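Subject: the two-chain model

Hi,

Here is the model I promised to pass on.

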Amino acid sequence: MAIHIRTPSIFRPTTPIDQSVLTENRKLVEEIGRRGFLRGAVSLGALTMLTGCDVSEIDSVQKALRAVSAWNDGVQQTIFRKDHLAPTFSPSQVARPPRFNAYYPIGDVKPLDGATWTLELAGRIGDKRPWTAQRLYELPEQEIIIRHICVEGWDYIGQWSGPNLGDFLQRVGADLTAKYVYFICADDFTESIDMPTALHPQTILATKYAGAIITDPFGYPLRLRTATKLGYKNAKWIKAIEVTNDFRDTYWSSRGFNWFAGI
Amino acid sequence: MAQLAAASRVYPAHRLHPLPVRIMHWINAVAIFIMIGSGWKIYNDDIIFSFLRFPDSIVIGKWAQYGLEWHFFGMWIFVLNGLAYLCYGIATGRFRRKLFPISIREVFVTIGEALRFRLRHDDLTHYNAVQKVLYLGVMIVGILIVISGLALWKPIQFSELANLFGSFQNIRLVHFFCMSAIVAFIVVHVTLALLVPQSLLAMLTGGPAIDDDATGRAPAVSKVETTG
């Protein structure tokens, strides 16, 4: 315990206190410290009850919960069946329009201009030339009618089409042995998926919903649609794709939602 | 001293609730608390019944992600502890001795006695027919809540399992009703444990010594009581 002598003050004696008082009463001082700590812990507990503060927000608790969540990422990676197809449905079951969800309300969506928009490529990709919407929309399309499941609990059946992500990554010479595919979005949203999910047959870069070009709230001109992840992993308004081996937290994972988010 | 040590070694197996059962019971209590509290938080994000939203003061997790974090942490404790309990109950013959046979006639007789407040509970070591049905029932519900939970967590990876429920929302319903059944069980279970405090005490200390035919060992309780 060091006592710093700062500038003179009317509240501080000019001659320093004899330090031996601390060593002589060390035991007592420590006892007070311990009691204070206990009192603090008790009142913190009481505060938690009264104000609705959350024990989950305590650093060590949150750290432990995040560690379990990371462990769960590994478990999900292990049980992921790369060739197992999600159930598909008939066009008559498709919800029109799809259900909107983002980290802000639908009124705050900022539409993108398809004529000037380009898709940038970064990281472990051979051909990094940007793609215009026109070129992307000319690629062979795949249609999937799959269930969208939100982490909140709701679901709907959607009919999505666009280039298969695995085919696209292959076309641009991406390193398919890399670990992650990142999506950087126009609304400052970020998401990333593991490579096995990116290469899953039902993972597409969606450009259409129910046969028509997707509208602004649902990610025009380009969004991700994968059958094996929760809704929030499906990045909308994508402006860049990066293939990398470096793990970085994404918009939702940095806020405590599970990163892998497989279904 | 040697006698005492030997006696304490065999002691737990001869109690109404051997030590492993007590440990697993209280671990389960904590796990259930976490699972239900966080499950209510998750439910609130997309309610199933318009009349039901759990008050913020009784859910675990202020934000959705905290509820999810707790739920997917608690599930490991609940499942691993539950598996250990089932294995223990089957392997030691505890389930067979305590829960079977169940007589339907006896169930009705016991309900009648309970309604007339004539239910005898001086013998903790013997479960009446209603207790047997409830304990067996809550175990089956416990298994079903894990199966429906697995289907909810991974409806695509375990699509064969999820398909058995018909639709995704059906899985949520089953999971919800299992939770409701467990909550109802807990209300009855805790009320009765408080009404018959020696049953609560037994789950802490082990309870009275019993002479189990199945183990073929003599009760060790007298020895311990004299030496203790």
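What follows is a quick tour of what turned up.

First, the housekeeping. Residues are numbered from 1 along each chain as its sequence is written, and chains are lettered from A and ligands numbered from 1 in the order in which they are written. It's a predicted model, so local features need pLDDT of at least 70 and side-chain atom pairs count only at pLDDT 80 or more, while totals for chains, interfaces and linings use all residues.

**Chain A overall**

Chain A has six helices and eleven strands; these are DSSP runs numbered from the N terminus, with helices being H or I of at least four residues and strands E of at least two. Of its 263 residues, 31% count as buried (20 or more other C-beta atoms within 10 Å of the residue's own; 12 or fewer is exposed, in between is partly exposed, and C-beta atoms are placed from the backbone). Among the contacts in chain A with a separation of 6 or more, 67% are between residues 24 or more positions apart (a contact means C-beta atoms, placed from the backbone, within 7 Å).

**The sheets**

One open sheet in chain A has five strands in the order S2-S1-S11-S5-S6, with mixed pairing (two strands pair if DSSP finds at least two bridges between them). S2 (131-132) and S6 (190-194) of chain A are at the edges with a single partner strand each, so one side of each has no neighbour in the sheet. Inside that sheet, S1 (residues 118-123) and S11 (residues 238-244) of chain A run parallel over four bridges. Across this pair, A:Leu121 sits opposite A:Ile241, and A:Gly123 has A:Val243 as its bridge partner. S1(A) and S2(A) are antiparallel and joined by two bridges, with A:Leu119 facing A:Trp131.

Another open sheet has four strands, ordered S3-S4-S8-S9 (chain A), and its pairing is antiparallel. Here S3 and S9 (212-213) of chain A are the edge strands, each pairing on one side only. S3(A) is joined to S4 (residues 155-162) of chain A by eight bridges, and A:Ile146 is opposite A:Gly158.

Why does A:Leu165 count as buried? Because A:Leu165 has 26 C-beta neighbours inside 10 Å. Beyond its neighbours within four places in sequence, A:Leu165 contacts A:Ala198, A:Thr203, A:Ile204 and A:Leu205. A:Ala198 is 33 residues away along the chain, with a C-alpha separation of 6.3 Å from A:Leu165.

**Where the chains meet**

The contact takes 28 residues from chain A and 22 residues from chain B. On the chain A side, the elements giving two or more residues are helix H3 (59-79) and strand S3 (142-149) of chain A, and H3(A) has the largest share, five residues. By class, that side has twelve nonpolar, ten polar and six charged residues (nonpolar is Ala, Val, Leu, Ile, Met, Phe, Trp, Tyr, Cys and Pro; charged is Asp, Glu, Lys and Arg; the others, Gly among them, are polar).

**Chain B helices**

Helix H3 (residues 64-91) of chain B has 28 residues and reaches 40 Å from first C-alpha to last, close to the 40 Å expected at 1.5 Å a residue (the expected span being 1.5 Å times one less than the number of residues). Just after H3(B), B:Gly93 has a positive phi of about 80 degrees.

- A:Tyr220 to A:Pro221 is cis, with omega about 10 degrees; A:Pro221 lies in the loop between S9 and S10 (223-226) of chain A.
- B:Phe100 to B:Pro101 is cis, with omega near -5 degrees; B:Pro101 is in the loop between H4 (94-99) and H5 of chain B.

- A:Ala210 has phi near 50 degrees and sits in the loop between S8 (208-209) and S9 of chain A. With 17 C-beta neighbours inside 10 Å, A:Ala210 counts as partly exposed.
- A:Ala261 has phi of about 50 degrees and is in the segment after S11 of chain A. A:Ala261 counts as buried, because it has 25 C-beta neighbours inside 10 Å.

Cheers

Conventions:
Two residues are in contact if their C-beta atoms, placed from the backbone, lie within 7 Å.
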